[in-house]
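Subject: Structure for your review

Dear colleague,

Please find below the structure that I am handing over to you. My notes on what was found in it follow directly after.

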Amino acid sequence: MPIVRALLNLRSLHWKIILLVSTACAAMALTVGVLVHESTLRRSMHEGAVKAVEQLDRAQQDARRTGRPEPLADPAELPDALLRQVERHGQGTYYEDGPPAPVYWAAEQKDGQLHALRTDMTADLLTRQALDRHLWKYSLVTLAVVIPATALATELPARRLRRVARTARRITAGDLQARTGMGRRGGDEITEIAATVDAMADSLRDRLAGEQRFTADVAHELRTPLMGLVTSAGLLPEGVEVGVSGLTITVRDHGPGFPPDLLAHGPQRFRTGAEQRGRGHGLGLTIAEGQAKVIGARLGFRNHPDDGGAVAQVRLPPEGTTVEQRPLNNDC
């Protein structure tokens, strides 16, 4: 079926639109996912650092109030990056991704002693991982909804385009009555294309109809003179002689021959060669001379030396000769 073949054609406009929409949705989902992930990570790191500093301050205050041991730390147990911050600024924070678990360190140099405390960030990491999973899941769900919806939405214009194509093929095959049937209004590009195809078919039909009428009129007008020519030719006496020698064709009669003016200047349109109308060569020899030039032949005219009859001789060009426009001599 044409519709099934169109749906299976992966190069069709239908699938190109689906691919474009799918790519756009995937790119948007990826962009939003990356932005949300980075934004959440930055907020988490900031909140983790604040939380670690607050817990270190609270532990120091509780130690002074209750007499418990202060949160002292061995420099060998702390990350090098955190120690460098403390050396430069007297305090610092550092995120360590584990193992065994992600933690946020807070350290402070006070009264010649190094105070440090780490805050467990496992809950925060799980929250961010859950958010990433939700983003991917709902992005896939969105694609699963958008792709079929796009396929359904593009099927109608694709079907209309296929209808225009079928109509154009029918017109090409000779069916000048074929029309798209979409009307000339609608506002979209497909309707405009369909209206153009219908207008083209109307114009082609009218033009062919005009040519057919013209041909019929010409045939009607030519029927009477042609019948007259056939009748006149049938009444001609014996003698209308044709000889063929190689590429040369000679036609002669036994009449009064060609007039001197034709032999001197060649055939001229409507030149009768006599004062009385009805005698002469008219258009016939002029057309013959022009046709000979077209095919590259040589056409000459003379009168027979014995009885003075007209002799017309055509010399055809050899096979394979390039057709050239060259002047013709009137003698053979």
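The largest nonpolar core of this predicted model has 10 residues: Ala-73, Leu-78, Leu-82, Leu-83, Val-86, Val-103, Trp-105, Ala-107, Leu-114 and Ala-116. The elements giving two or more residues to this core are α3 (80-89), β2 (103-110) and β3 (113-120). A nonpolar core is a set of buried Ala, Val, Leu, Ile, Met, Phe, Trp, Tyr and Cys residues joined through side-chain atoms within 4.5 Å. Buried means under 20% relative accessible area, exposed over 50%, and partly exposed in between (1.4 Å probe, protein chains only). In soluble globular proteins, nonpolar side chains tend to be buried together.

Leu-114, one of the core residues, touches Pro-71, Leu-72, Ala-73, Pro-75, Leu-78, Leu-83, Val-86, Ala-107, Glu-108 and Gln-109, leaving aside residues up to four places away in sequence. Contact here means heavy atoms within 4.5 Å.

As for the numbering and the model, residues are counted from 1 along each chain as its sequence is written, and side-chain values use heavy atoms, without hydrogens and water. Because the model is predicted, local features need pLDDT of at least 70 and side-chain atom pairs count only at pLDDT 80 or more, while totals for chains, interfaces and linings use all residues.

The chain has seven helices and seven strands; helices (H or I, at least four residues) and strands (E, at least two) are DSSP runs, numbered from the N terminus. Of its 332 residues, 24% count as buried.

Helix α4 (residues 122-172) has 51 residues and should span 75 Å at 1.5 Å a residue, which agrees with the 72 Å between its end C-alpha atoms. The expected span is 1.5 Å times one less than the number of residues. A kink of about 35° lies at Glu-155, shortly before Pro-157; the bend is the angle between axes fitted to the seven residues ending at a residue and the seven starting there.

The structure also holds two aromatic pairs. Rings of Phe, Tyr and Trp (its six-membered ring) pair if their centres lie within 6.5 Å; planes under 30 degrees apart count as stacked, over 60 as edge-to-face and the rest as tilted. The rings of Tyr-95 and Tyr-104 have centres 5.6 Å apart and planes at 55°, so this pair is tilted. Phe-258 and Phe-301 form an edge-to-face pair, with 5.4 Å between centres and 75° between planes.

Yours sincerely
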